[in-house]
Amino acid sequence: MLKKTQLCGIVIALIASSSVWAADQTITLKDGRQVILHDNFTWQYKAQTNNSATSPTLKTTTATATAIPVIATSAVAIPIISAPKGVDVELGTTKAIQQLSDSGMDVLLTAAHYENGTLIIPTMMTNQSSKSVVNVTMKVRLSNSDGQTITTDEFTVWRSINRMPDTYFRPKTQHQGKPITFDVPKAERYFIDAEITDVDMR
């Protein structure tokens, strides 16, 4: 009789326990989050509320970065560059004026001098290319000390005789070219803008 009473108690306990596990259970983790345990042996986190009493405190770090400063366009305006006066040409000096290069041809404008109403600028040329040169043309603008244009002209500073290779400007050689001349009133200083406009090679 005693055994039957004990067995009935165990069955009642099992039935009670099974009824408990038949429903979902909610447990709270150490960090404050809540987990729902389902009777099919699955689980899920319980949706968190905005209540600060139940929500865990999460430490957030904000990365700081140095922003690139924005420069206002009105504060820093692009300067307007006026037309340059050119390269200084001063009489009575032995200093070369300017060296120009194009297509392997170097043209050096040497110290200028003035003779009989003519400004003379001698040229020295070097052929740095691998081909012979038969013609070199330049454009030169002459200005006064105020930057006002006096005259502009084109000059052939080297010309070989067509179909006469002996007159060609050979590679890796140096020759004196024809001078640049201007018939202008004498002044202590001039300014020139010079450029090589054509190099004819063979």
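A: Start with K172, placed in the loop between β10 and β11. Strand and helix labels follow DSSP runs numbered from the N terminus (strands are E runs of at least two residues, helices are H or I runs of at least four). This is a predicted model, in which local features need pLDDT of at least 70, side-chain atom pairs count only at pLDDT 80 or more, and totals for chains, interfaces and linings use all residues. Residues are numbered from 1 along each chain as its sequence is written, and side-chain values use heavy atoms, with hydrogens and water left out.

K172 is not a glycine, yet its phi is positive, about 60 degrees. Its relative accessibility is 62%, so K172 counts as exposed. The cut-offs are these: buried is under 20% relative accessible area, exposed is over 50%, and partly exposed lies in between (1.4 Å probe, protein chains only).

R163 also sits in the loop between β10 (149-159) and β11 (173-182). R163 has a positive phi too, about 65 degrees, and is not a glycine. With a relative accessible area of 74%, R163 is exposed.

Now move to another turn. Strands β5 (residues 98-102) and β6 (residues 105-109) run antiparallel and are joined by five bridges. Strands count as paired if DSSP finds at least two bridges between them. D102 faces M105 of β6 across the pair. Two residues lie between the strands of this hairpin, and S103 takes a positive phi near 55 degrees there.

Next, the charged contacts. The whole structure holds four salt bridges. Each needs a side-chain nitrogen of Lys or Arg within 4 Å of a carboxyl oxygen of Asp or Glu. One of them pairs the side chains of D88 and R189, at 3.4 Å from N to O. Those two residues are 101 apart in the chain, with D88 in strand β4 (residues 87-90) and R189 in strand β12 (residues 189-201). Is D88 buried or partly exposed? D88 is partly exposed, at 33% relative accessible area. R189 is partly exposed as well, at 37%.

R141 and D193 form another salt bridge, 2.1 Å from N to O. This pair also links distant parts of the chain: R141 is in strand β9 (residues 133-143), D193 is in β12, and 52 residues separate them. R141 is partly exposed at 23%. D193 is partly exposed at 24%.

D200 bridges to R202, where the closest N and O atoms are 3.0 Å apart. D200 is partly exposed, with 27% relative accessible area. R202 is partly exposed too, with 48%. Shared partners also join D88, E90 and R189 into one salt-bridge network.

Last, the nonpolar surface. I27, L29, W43 and Y45 make a nonpolar patch with about 390 Å² of accessible area together. Patch members have over 30% relative accessible area and no salt bridge; like charges are joined within 9 Å, and nonpolar side chains (Val, Leu, Ile, Met, Phe, Trp, Tyr) within 5 Å. Areas come from the Shrake-Rupley method with a 1.4 Å probe, and for residues only the protein chains shown count as cover. L29 lies in the loop between β1 (25-28) and β2 (34-37). L29 is partly exposed, at 32% relative accessibility.
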